[in-house]
Amino acid sequence: MYQYDEIDETLVRERVAEFRDQVKRRITGELSEDAFKPLRLQNGVYLQLHAYMLRVAIPYGTLSADQMQALGEIARDYDRGYGHFTTRQNIQYNWPRLVDIPDILDKLAGVGMHAIQTSGNCVRNTTTDPYAGAAADEVADPRPWCELIRQWSTFHPEFSFLPRKFKIAVVASKADRAAIQVHDIGLRLKTNAAGALGFEVFAGGGQGRTPRLAVKLNDYVIAEDLLAYITAILRVYNLAGRRDNKYKARIKILVEETGPEAFTAEVEAEFAKLQGGDLTLPAEEIARVSNFFTPPPVETRGFDLKAQSQAFQIWAERSVKAHKTEGWASVLISLKPVGKVPGDATAEQIFAMAEIARQYGLNELRVTKEQNIVLPHIPQADLPAVYEALRAANLHADNGGLVTDIISCPGLDYCNLANARSIPIAQAISNRLSETGLDREAGELTLNISGCINACGHHHIANIGLLGVDKRGEEFYQLTLGGAANENAAIGRIVGPGLSGEQVPQAIEDVVRTFIAHRQDGESFNTTLARIGLDPFKEAVYAH
Amino acid sequence: MRIDLEHRPALDLDTAEGVNEANIHVRLEGSVDWERVRALAPRVERFDIHFPKFADGRGFSIAARLREDIKFQGEVSASGHLIPDQARMLTRVGFDSVAPNSNPEDPAWKKGLTTFSEVYQPSNDRRSTALEKRTLAAKQALVDSLNKRLRGAPADEILREATRLFKGRIATLSSFGAEAGVSLHLVSQVAPDTPVLFLDTERHFDKTLKYRDQLSEHLGLTNIVNILPDADEAAEDDSDNRLWQRDTDACCDLRKVRPLDRALKGYDALITGRKRFHSATRMSLPPFELLDGVIRVNPLIDWDRDQVLSYFEEHDIPEHPMKAEGYPSIGCWPCTQPVAEGEDIRAGRWAGSEKTECGIHFSAKSKVA
């Protein structure tokens, strides 16, 4: 894992000191809420329905055990005993007091963390594959590049007041576990014929009210030019992105209105001016950052899956993932136990995960965009002990990757933008599908819920998507099918008229049953849908 | 960056284009027509970039483009709706002054300039970035460890280690002067494809140019890179070809220092033929040193005059024809004289002046501005 040097530490400490002063001026009344808003917004502090919300950055979703421990202590000491992991691999606290936030930031700085640029129209946390550094199919660990992007984007003098927020995702394998095609910039690490690392660069993807898949700008940009290339994209966007309409301000609209070819030409022209300049990454810095991310040595202790309990085997089927180093595995911890709030973890659970990582997992954890946690490096021989420790903390949900592993935004229960509640709907669906056993029968299947068109719950890119809408003061849900966030990224299509909250669980059950009835040997949901079309699903849903 | 209490007026682009004057002040806002700005820039004393709302950050990129693409050297000012938290960003991208439309007296403006003592991104304020500091620290650590390991080591061992470590990123600098044969012979033995950079000042003795061709052929060096001064700079600084008479430092700067700086962009390390016995200024040289980000490798640093002479004999290396004429150190013809018996070997360089080095072995930071 990356460790701050003096420079990183200084910057984070100076930002805390600055924010402490800003909060003090707000509390004494020297700053009005209007004047305070732009200041807090670049530091992850939102004003929600009931209170301020603080979003803490978890750079590229990677956490040390000590950092996880600190996140738990913040949940315990400053919130109501829990934290909420987000789809951008961050964590949010929904109940901190404004006056406490500088102390929270101080505590975070102590473990090399911050809330810098977790909100506002700036470059946000860079996300990546939660199995980075452990996945067998990766070209190289993508995280050194994420860290280089983190530093480049932090307090960027030119790109802190963009037309709109800006999100970058990086993957290092053909399989896309970071949804790069629905990001403002998507990067795929690859090698050229000579074996040199570089990036396939996409731009203009996004969700929200105008979901778009990204277009490819360049098939191969050599790795040392990464910052020059993304600077070129940002400069073109900052100068030309729309500022007249908040809903048309994301880069996806600029790419679409300019046209992919013309946009690419502008970026390439800007890149030609920047290439070879001060933004070229020196080999020394690439080596310095890369040296923080090394895979574990081969583990020689043996492990026999068949000798384990049935409960362990059921759990392992959904939760244990292959690792690139012999004798190791990655463990997925589902934060979606049936009927609970997706992505929430209590302080005690957070402590338990930190302790498991410390004891068995090389001190490392990841947050996934599905709002779960991953222990990337667990010796296979320790899997039974890890399972027992997870059970003791009630963290042994065995539904990772199933349809009940629901991504959901906080919805109307917390968010002042939402039209409808998300969490109770997620709970009702998850109860229904697990009671009927349909979740396990269906296998890999994604279901995401957003409480409004801003699409924080990623409903567009789920096999089954639900969008909360307000119809004359009543909560309704629009059903979409066929979305995907992987290497076959797709935007889901609307099935028919909106459903009331009460109708939703039955409708979802109908969709899942239709899928199970029609799928042919091992087909994914989207393959079945492409083959049989929307009609059978539509008929099943609206028959009731 | 200066915080102005009053906003100074400026012409809009249309009006400015109609005014037939120099040193005008021009206001830019929103989407900018860069071709018109480029055409107008030579007549502009100040560009004022207007921010309609603080959240409209186009002005930051406009300033960056003015500095980086247009290479505008005059004043760039910011005006309009700005907040003190933007002070540090304004100064970094290249603004000289700001006239905020409300509360310019707010002490937060001044304070905002010093919030952060480190920066990550290279920008137009030229502050040293984390990237640069770390890279220099890494290179310095490498230099220190190499000196520890190889101080006093034989020249061929130093050279072998350097060409291995910096493969593809290392060059030799040679003047093809009186002693050049030694290091070039060593290079030809260790790595004959190493680029040999020759600073062609256009003021060399003809005999030096001939020797360059003869010696490189003899040694089988396959990669001689002739580096000329920039033609535009030469036309500007030395239009009458008499700069050496007026200002030797400026002449060396034009014909050696700047061309070498440009050529070194492609290299991490540079082999030199410097030796301690040359002069007092070279007495403390280690075999490896870091100069403006490039590692200088001095494999012959411990050699004395006798070693040099016997090396020439032993390996039957052709000598520079002027050596026999009393020139132990050979530079450009206007500034090189023969040296009398017993004098310092470099006494004939810039004889009669205080100058002892051309400057290519000095850090940019020590150069007189």
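Two strands count as paired if DSSP finds at least two bridges between them. Keep that in mind for the first exercise; the model you are looking at is predicted.

**Exercise 1. In what order do the five strands of the open sheet in chain A run, and which stand at the edges?**

Step 1: Look at one pair in detail. β2(A), residues 52-56, and β5(A), residues 91-93, are joined in the antiparallel sense by three bridges. Within this pair, A:L54 has A:Y93 as its bridge partner.
Step 2: β1 (45-47) and β13 (344-346) of chain A each have a single partner strand, so one side of each lacks a neighbour in the sheet and they form the edges.
Step 3: From one strand to the next, the twist averages 30°.

**Exercise 2. Which helix of chain A lies across β4 and β13 of chain A, and at what angle to β13(A)?**

Helix α11(A), residues 347-360, lies across both strands and runs at about 85° to β13(A).

**Exercise 3. How are α9(A) and α6(B) oriented to each other?**

Step 1: The axes of α9(A), residues 283-290, and α6(B) come within 9 Å and cross at roughly 90°.
Step 2: Angles of 65 to 115 degrees count as roughly perpendicular, and the two helices are therefore roughly perpendicular to each other.
Step 3: Now find the residues: α9(A) brings A:E284, A:E285 and A:R288, while α6(B) brings B:L131, B:R134, B:T135, B:A138 and B:K139.
Step 4: Sorted by class, the residues of this contact are two nonpolar, one polar and five charged.

Technical notes
Residues numbered from 1 in each chain as written. Chains lettered and ligands numbered in written order. Predicted model: local features only at pLDDT ≥ 70, side-chain atom pairs only at ≥ 80, totals over all residues. Axes fitted to C-alpha atoms, helices over the stretch in contact; angles between N-to-C directions. Helix = DSSP H or I, 4+ residues; strand = E, 2+ residues; numbered from the N terminus. Parallel < 35°, antiparallel > 145°, perpendicular 65-115°, else oblique. Contact = placed C-beta atoms within 7 Å. Nonpolar A, V, L, I, M, F, W, Y, C, P; charged D, E, K, R; others polar.
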